[in-house]
Amino acid sequence: MKIREALAGGGIEMREARLLLAAAAGFSEAAVLAHPERELPEGVARRFQDMALRRSQGEPVAYILGRKEFYGLELAVSPAVLIPRPETELLVELALARDPASLLELGTGSGAVALVLKRRLPRARVVATDACLAALCVAQRNAGRHNLQVEFRHGDWFEPVGGERFEVIVCNPPYVAAGDPHLAELKYEPGRALVSGGDGLEAIRALVPRAPAHLAPGGWIFLEHGIGQDAEVRALLSGAGLESVASWPDLAGIARASGGRLKSD
Ligand code: GLN
């Protein structure tokens with residue numbers, strides 16, 4: 001089968017078909033584009049058709065390829081972890097702007113945020129927790145691959161960090177409301193990383209009150225949240241005694257991250 005025929009027969013969007021075919025064949029996408037008449041070995045054609053079928057059934061490209069790029073870092077992903085999303089780059093920006101010497105990420109998943117921060121802040125001590133061991137395995141693999149020294153710890157939210165304090169804490173918690181129709185599109189991703197009670201705020205409500213005990217004086221916590229949750233998240237942050245509480249817009253101008261600061265001594 002020729003490249004052109006395989007692409008046309010995939011039954012999926014052409015751009016994604018080229019990406020999957022390139023991965024199946026071990027070619028670059030440019031080569032796929034430049035040589036439509038090239039004959040594909042049978043095994044490659046079959047591998048591509050299998051990937052295209054999975055894609056046509058709704059499986060995300062990142063899981064089919066087993067990788068996703070985040071903030072310039074190529075990361076391995078599996079169905080144990082949320083696929084890193086461009087909107088989460090806002091959390092990275094907020095943390096980088098504080099130039100912290102110590103940093104904690106809660107619920108690290110693939111390790112995306114913690115690893116990008118460690119790469120940008122090589123002198124910072126970076127600790128990352130997750131309640132899911134399978135996710136930590138993915139994160140650890142990503143750390144090894146990029147040779148980044150992040151301390152990964154297993155447990156719920158702050159549970160694995162005892163009495164330690166950090167200059168910045170970042171978290172992209174689950175924040176989708178159970179029953180949100182949008183979840184149907186996310187069915188391949190781990191529900192535990194997405195869904196948080198009836199209003200989506202259960203995790204944020206549980207972890208914000210515990211943040212001050214883990215912040216250094218003047219330290220900041222930044223949380224990603226859903227559209228329309230900013231006022232409630234700010235109220236929770238203020239309720240926990242944090243100062244300078246604010247929300248920040250994503251590239252679309254929508255408030256998608258909020259944070260606050262522990263007062264300095
Ligand atoms: N941004 C994701 C979505 O809606 C949700 C991620 C999360 O819950 N942390 O698709």
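Tutor: Two strands pair if DSSP finds at least two bridges between them. Helices (H or I, at least four residues) and strands (E, at least two) are DSSP runs, numbered from the N terminus. This is a predicted model, where local features need pLDDT of at least 70, side-chain atom pairs count only at pLDDT 80 or more, and totals for chains, interfaces and linings use all residues. Residues are numbered from 1 along each chain as its sequence is written, and side-chain values use heavy atoms, leaving out hydrogens and water.

Student: In what order do the seven strands of the open sheet lie?

Tutor: Strands of a sheet pair through backbone hydrogen bonds, either parallel or antiparallel. Here the order is β5-β4-β3-β6-β7-β9-β8, with mixed pairing. At the edges, β5 (151-154) and β8 (243-249) each pair on one side only.

Student: Which strands does β3 join?

Tutor: Strand β3 (residues 102-106) runs parallel to β4 (residues 125-130), joined by five bridges, and E105 stands opposite A128 in β4.

Student: Is β3 mostly covered or exposed?

Tutor: Mostly covered: five of its five residues are buried (under 20% relative accessible area with a 1.4 Å probe, protein chains only). S102, L104 and L106 point one way, L103 and E105 the other.

Student: How do β7 and β9 run?

Tutor: They run antiparallel: five bridges join β7 (residues 215-224) to β9 (residues 255-261). Look for E224, which stands opposite A257 in β9.

Technical notes. Buried means under 20% relative accessible area, exposed over 50%, partly exposed in between (1.4 Å probe, protein chains only).
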